[in-house]
Amino acid sequence: MTRMQVLSSSIAQARKWGGVALLLGVGLGHGPAGWAQSLAPAQAPVQNWSFKGPLGHFDLAAVQRGYAVFAGVCASCHGLTQVHFSDLAGMGLTSEQIAALAEAWQVPYGLDAEGRLKHRKAQPDDALPEPYPNAQAARSANRGAVPPDLSRITQVYPGGPDRVFALLTGYGAPPSHQNEKGSAAGESWGGGTHPAGVAGGEGGFTNPYAIGHRTAMPPPLRDGAVVYADGTQATAEQEARDVTTFLAWVSNPHADSKRRLGVGVALYLCFLATLLVILKRRIWSHVRK
């Protein structure tokens with residue numbers, strides 16, 4: 001097998017993972033096994049989510065804080081095209097709050113006489129708008145990468161919420177072959193300064209939970225990136241946990257009602273089984289063994 005065939009096979013395996021990271025750099029190993037291993041993301045640490053398990057539930061306060069993080073940080077690059085503003089009622093908002101929240105967004109509204117795109121304030125029946133008009137505009141703004149839609153990201157992304165959280169908080173030190181531009185002093189990218197030890201530039205950013213341990217997405221979160229209405233301290237880790245909870249809720253907004261239904265069905269079946277046992281003993285009580 002030639003080197004080019006090995007590279008093509010490794011890239012094909014990387015595409016299976018999909019998700020937020022873009023494969024910009026391919027790690028070099030000794031043979032196909034080394035290449036495949038270098039492309040595989042690290043195993044994300046298991047987190048203690050409130051919504052895990054058959055008896056879990058979503059913390060709606062965390063879901064609302066996560067929406068604030070998405071709207072204030074993530075929405076500049078990522079969309080939630082399968083979510084309508086009216087769907088946000090499920091995270092505990094009233095119709096008045098939803099209407100006020102929708103008005104803060106602008107959605108496309110046809111073309112003007114000169115062929116330019118018009119916008120209007122969003123309404124509750126509108127879907128959350130995409131940040132870019134098309135894929136070409138997204139690539140131009142993100143060095144060739146197209147940020148994925150996050151509507152179902154925790155269900156389709158291998159590793160689920162644990163890996164999403166790990167990716168958001170896992171930006172680390174660059175490998176030894178990284179050039180001096182990505183040194184521990186940090187690096188300016190797009191007008192911002194990235195944390196020390198996070199390499200930027202054409203090769204992407206170092207993250208062990210991304211494909212090939214490189215991602216096109218710069219570190220999105222920082223302390224104080226948003227202000228929480230409930231007074232919770234907005235550390236980068238708290239923001240990552242809240243936005244992951246929000247994305248998990250968006251991916252499966254009816255999970256809590258399904259769990260409640262499941263518990264109710266289980267209790268009903270237990271009651272029915274107990275009743276049948278009692279009836280069976282009463283009906284056959286006169287029969288001697």
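Me: Why does T244 count as buried?
Reply: Its relative accessibility is 0%. Buried means under 20% relative accessible area, exposed means over 50%, and partly exposed is in between (1.4 Å probe, protein chains only). Since 0% is under 20%, T244 counts as buried. One thing to keep in mind: this is a predicted model, where local features need pLDDT of at least 70, side-chain atom pairs count only at pLDDT 80 or more, and totals for chains, interfaces and linings use all residues. Residues are numbered from 1 along each chain as its sequence is written, and side-chain values use heavy atoms, with hydrogens and water left out.

Me: Where is T244, and what does T244 touch?
Reply: T244 is in helix α8. Helices here are DSSP runs (H or I, at least four residues), strands are runs of E (at least two), and both are numbered from the N terminus. Leaving aside residues up to four places away in sequence, T244 touches W49, T154, P161, V164, F165 and L168. A contact, by the way, means heavy atoms within 4.5 Å.

Me: Why are α3 and α8 called roughly perpendicular?
Reply: Two packed helices are described by the angle between their axes and the distance between the axes. For α3 and α8 the angle is about 105°, and the axes are 7 Å apart. The axes are lines fitted to C-alpha atoms, for helices over the stretch in contact, and angles run from 0 to 180 degrees between N-to-C directions. Now the cut-offs: under 35 degrees is roughly parallel, over 145 roughly antiparallel, 65 to 115 roughly perpendicular, and the rest oblique. An angle of about 105° falls in the 65 to 115 range, so α3 and α8 are roughly perpendicular.

Me: Which residues make that contact, and how do they divide by type?
Reply: From α3 you get A62, V63, R65, G66, Y67, V69 and F70, and from α8 you get Q238, E239, D242, V243, T245, F246 and W249. They divide into eight nonpolar, three polar and three charged. The rule is that Ala, Val, Leu, Ile, Met, Phe, Trp, Tyr, Cys and Pro count as nonpolar, Asp, Glu, Lys and Arg as charged, and the others, Gly among them, as polar.

Me: How do you know that the buried residues of α4 line one face of the helix?
Reply: The buried residues of α4 are I98, L101 and A102. Looking down the axis of α4, you find them within an arc of 100°, so they line one face. The arc is that of the directions from the helix axis to the C-beta atoms. Part of what covers them is α3.

Me: What does UniProt list as "binding site", and how do you know that those residues cluster?
Reply: The unreviewed entry lists C74, C77, H78 and M217. They are spread over 144 residues of sequence, yet their largest C-alpha distance is 10.9 Å. UniProt positions are in the numbering used here, feature names are shortened, and annotations may be inferred rather than shown by experiment.

Me: Are H78 and M217 buried or exposed?
Reply: H78, in the loop between α3 and α4, has 8% relative accessibility and so counts as buried. M217, in the loop between β6 and α8, has 14%, which is also under 20%, so M217 is buried.

Me: What makes R143 and H213 stand out?
Reply: Most residues other than glycine have a negative phi, and most peptide bonds are trans. R143 has a positive phi near 55°, and H213 has one of about 60°. R143 lies in the loop between α5 and α6, whereas H213 is in the loop between β5 and β6. With 44%, R143 counts as partly exposed, and with 30%, H213 is partly exposed too.
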